[in-house]
Amino acid sequence: MKADRQAKIIELISQYDIETQEELALYLKKAGCNVTQATVSRDIRELKLTKAPGRHGKQKYVLMYDELPGLNEKYLRVLREGFVSMDMAQNILVVKTVSGMAMAVAASLDNMHWQEIAGCIAGDDTIMCAVHSVEETVQVMAKIRQIVGG
């Protein structure tokens with residue numbers, strides 16, 4: 001439930017310029033999540049959301065992934081170019097890549113220093129990322145979706 005709600009929050013903030021907790025709670029209620037302001041506040045803190053300039057000078061919630069150390073354009077480009085798809089199995093994230101790109105994409109993920117990822121193992125076109133929890137797996141998937149544009 002919590003993981004689904006937090007995934008919905010990430011989806012909503014990527015679709016809409018959401019400026020306040022109250023506004024986020026309204027969007028969640030429209031999406032079928034009955035939440036309190038305290039729950040929304042806790043989710044924002046756990047997801048490490050921050051505010052950034054949106055359209056028309058307003059602030060909006062965004063993921064802080066771009067402020068993490070090691071997240072430079074080289075790693076982003078490798079992830080974008082090599083990524084094909086991903087799926088989660090509890091706290092294991094399985095990332096499919098273009099053939100021969102798994103090692104490079106795994107190295108990029110490792111060098112992003114995301115605290116949620118314990119480590120990655122790569123083959124030719126598949127990466128297994130050990131993530132600390134199911135909730136954090138959802139967060140990592142959302143970060144990757146934002147980077148690869150899907």
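**Helix packing and salt bridges in a predicted model**

Let me start with a helix pair: the axes of helix α4, residues 73-82, and α5 come within 9 Å and cross at roughly 140°, where axes are lines fitted to C-alpha atoms, for helices over the stretch in contact, and angles run from 0 to 180 degrees between N-to-C directions. That makes α4 oblique to α5, given that angles under 35 degrees count as roughly parallel, over 145 as roughly antiparallel, 65 to 115 as roughly perpendicular and the rest as oblique. Helices (H or I, at least four residues) and strands (E, at least two) are DSSP runs here, numbered from the N terminus.

Residues are numbered from 1 along each chain as its sequence is written, and side-chain values use heavy atoms, with hydrogens and water left out.

Back to the helix pair: α4 passes α5 in a left-handed crossing, the convention being that a crossing is left-handed if the near helix is turned anticlockwise from the far one by less than a right angle, and right-handed if clockwise. On the α4 side, Tyr75, Val78, Leu79 and Gly82 meet Ala104, Val105, Ser108, Leu109 and Asn111 in α5, with contact meaning heavy atoms within 4.5 Å.

What is the angle at which α1 and α6 pack? For this pair the angle is about 20°, with the axes 9 Å apart, and that makes α1 roughly parallel to α6. The crossing of α1 and α6 is right-handed. Lys2, Ala3, Gln6, Ala7, Ile10 and Ser14 of α1 make the contact with Glu135, Val138, Gln139, Ala142 and Gln146 of α6.

Gln139, in helix α6, is buried, with a relative accessible area of 9%; buried means under 20% relative accessible area, exposed over 50%, and partly exposed in between, using a 1.4 Å probe and protein chains only. Leaving aside residues up to four places away in sequence, Gln139 touches Gln6, Ile10, Glu46, Leu47 and Glu116. Ser14, in helix α1, is by contrast partly exposed, with a relative accessible area of 47%, and its C-alpha atom is separated by 10.0 Å from that of Arg145, 131 residues apart along the chain.

I turn now to the salt bridges, each defined as a side-chain nitrogen of Lys or Arg within 4 Å of a carboxyl oxygen of Asp or Glu. By this rule the count comes to 4 salt bridges, and I will go through some of them.

One of them joins Glu46 and Lys2, with the closest N and O atoms 2.8 Å apart. That pair links distant parts of the chain, since Glu46 is in helix α3 (residues 37-47) and Lys2 in helix α1 (residues 2-15), 44 residues apart. Glu46 counts as partly exposed at 29% relative accessibility, and Lys2 counts as partly exposed at 32%.

Asp17 and Lys60 also meet through their side chains in a salt bridge, at 3.5 Å from N to O. Asp17 lies in the loop between α1 and α2 (21-30) and Lys60 in strand β2 (residues 59-63), so the pair ties together parts that are 43 residues apart in sequence. Asp17 counts as partly exposed, at 24% relative accessibility.

Then there is Glu116 with Lys143, whose closest N and O atoms are 2.9 Å apart. This pair too links distant parts of the chain, Glu116 being in the loop between α5 (102-111) and β5 (117-122) and Lys143 in helix α6 (residues 134-148), 27 residues apart.

Staying in helix α6, we come to Thr137, which is buried, with a relative accessible area of 0%. A polar atom of the Thr137 side chain lies 2.8 Å from the backbone oxygen of Ser133. Apart from residues up to four places away in sequence, Thr137 touches Met88, Gln90, Asn91, Ile92, Leu93 and Val131.

Gln90 has a positive phi of about 60° although it is not a glycine. His113, in the loop between α5 and β5, likewise has a positive phi, of about 55°, without being a glycine.

Conventions
Predicted model: local features only at pLDDT ≥ 70, side-chain atom pairs only at ≥ 80, totals over all residues. Polar contact = N/O pair within 3.5 Å; in protein donor to acceptor, adjacent residues only side chain to side chain.
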